[in-house]
Every structure is written in C-alpha cells, then in structure tokens.
Amino acid sequence: MEINTKEFKHCDMAIVKGRVDSATAPQFGKALETIIDRGVYKIVVDMSGLEYMSSAGFRALLATQRSCKRYNRGEVVLASVPERIREALELAGFTELFKLYGDPLEAVGSL
Amino acid sequence: MTLTFPTTFKILDDIRSFVGDQARQAGFNAKDIYSIQLATDEAASNVIEHAYGENPGEQFDVSCEFQNDRLVIILMDHGKTFEPSQVEEPNLNADLLERKIGGLGIYLMHKLMDEVRYESTPAGNRLTLIKRKG
C-alpha cells in the first residue's frame, strides 16, 4: 500500500494505492491522522488506485470522519471508489456516512 | 488443500491469493471472488487478533476446497475460544457518533458468505465459510 498527501487550498487529498488490510491499515490511519494534526479537517480520499480494502481500512476512515465532523469543522469524502470497494462500503453501511464522488477534483471542489 | 500460516497480519496477502486462486479455478465471478477474499481476510484477521492476542509466534490452518457447488473454507486455530454471540452487531442505523466500530468484520463475513459456522472442538476452534456458486 502506498499513500501520498496532496495539499489544496481548502483541503488535503490522501491518495491511497494498493491494498488496505489489517497489516497496512495502521499506516493508512497514520497518514490521515497526520493531516488532521496539521489542522486540516477537509479531506478527499482518492481511491482510484485502491485495489482492496477490508474493515480495518473502513475503521480508519470512520475514526477520521468522526474527528473531521466534530464541531462541524470539516469532513472526509471519497473519490473514484472502485466498484468492489463501493459494494463492501455499502454492505457495511458506510455509504451513508461518506459522500462519494466520481472525480477527485470534483470532490476537492465540493469542500 | 490446507495451508498453515503464522499469526501475523502480513500473511493476509497470501491467504487472499490462496482462496482467490481456488475460487477462480472453481469458476466464481469477479464479485464473488472478491467477497470470498474479503470474508476470509476478516476471519483470519479476527483469528490473529483475538484467538492469539496478536502473538506472532503461533500458527493457524486455512483449508479451501470446492465441493459439488460450493467453496468451503475452514480456519482452524488453537487459541482462545471465541464466542461470536457475545459480539454485538454494529448498529448500522446509528449516526456517526454512536456507531460502534467493533463487530464489523464478523458482520461482513455473514453478509458476504452463504454460511458461517463456528465450532469449538477438542482439536481447536473451527470457523467454516461457505460460498455457493452462481
């Protein structure tokens, strides 16, 4: 799994590639925490290069969403979510908790 | 076919490849293959985390076989007995602040597979996951 952060004017974009499971979820979570630690609460997670995500990854997303939405200071949105992962997010009830965008730049524009 | 794995998360890649290959050979479609891999990953993660408390020095077995019209995956571990009925199901209707994070893996397993069975046997804990084809 590879994760990179790109800074925009009003938000940060976390670009995650590869597979997020119990082995790599800590690294994924850490990268999201680092964004929040810098006082950025509007985050786009670009999933176009994501091949796989288990509940370990979902939990990291949820923890981040809770932090970002606290005090209404921001939110996490998901962009370019692959079909299989979108189906799993839906099964887990997560599609109600996150806005999904087709295009990452569209997501950036929405925040 | 049965493979033995150490109780560390980095083997999850290999477990997913193992069951994924078997599922592919058995002719499951892409969506089902992903479901099978995800369910097995969730099961194995729970074994590693809960049965052994993430102690990396232990081992557990994963067997995967296509029988008649179904793929049967069995995880055997010799760790702490697990009582799945004690795990609260996540409240999917709760809002963000209330929603419990725990139990998600087990919940997904049940949704993704056709049958999930836990048995505590003298030989160890046995978790069976079954996915019917088509």
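The model is predicted, so local features need pLDDT of at least 70 and side-chain atom pairs count only at pLDDT 80 or more, while totals for chains, interfaces and linings use all residues. Residues are numbered from 1 along each chain as its sequence is written, and chains are lettered from A, with ligands numbered from 1, in the order in which they are written.

Helix α2 of chain A covers residues 55-69; helices here are DSSP runs of H or I with at least four residues, strands are runs of E with at least two, and both are numbered from the N terminus. The expected span of a helix is 1.5 Å times one less than its number of residues. For the 15 residues of α2(A) that gives 21 Å, and the end C-alpha atoms sit 21 Å apart, so the two agree. Buried residues of this helix include A:Phe58, A:Leu61, A:Leu62, A:Thr64 and A:Cys68 (buried means 20 or more other C-beta atoms within 10 Å of the residue's own, exposed 12 or fewer, and partly exposed in between, with C-beta atoms placed from the backbone). A:Lys69, also in α2(A), counts as partly exposed because it has 17 C-beta neighbours inside 10 Å. A:Lys69 and A:Tyr41 are 28 residues apart in sequence, yet their C-alpha atoms are 7.8 Å apart. Just after the helix, A:Tyr71 takes a positive phi of about 60°.

Over in chain B, strand β5 (residues 124-132) pairs with β3 (residues 70-77) in the antiparallel sense, over 8 bridges; pairing requires at least two DSSP bridges between the strands. B:Met76 has B:Arg126 of β5(B) as its bridge partner. Strand β4 (residues 115-121) of chain B also pairs with β5(B) in the antiparallel sense, this time over 7 bridges, and a hairpin of 2 residues joins β4(B) to β5(B). Here B:Arg117 stands opposite B:Thr128.

The two chains touch through 17 residues from chain B and 18 residues from chain A (contact means C-beta atoms, placed from the backbone, within 7 Å). On the chain B side, α2 (30-51) and α3 (104-112) each supply at least two residues, and α2(B) has the largest share, with 6 residues.

The largest nonpolar core has 75 residues, and A:Ile43 and B:Ala39 are among those with the most contacts inside it. Such a core is a set of buried Ala, Val, Leu, Ile, Met, Phe, Trp, Tyr and Cys residues joined through C-beta atoms within 7 Å. α2(B) gives the most to this core, with 10 residues. Leaving aside neighbours within four places in sequence, A:Ile43 is in contact with residues including A:Thr64 and A:Cys68, both buried residues of α2(A).
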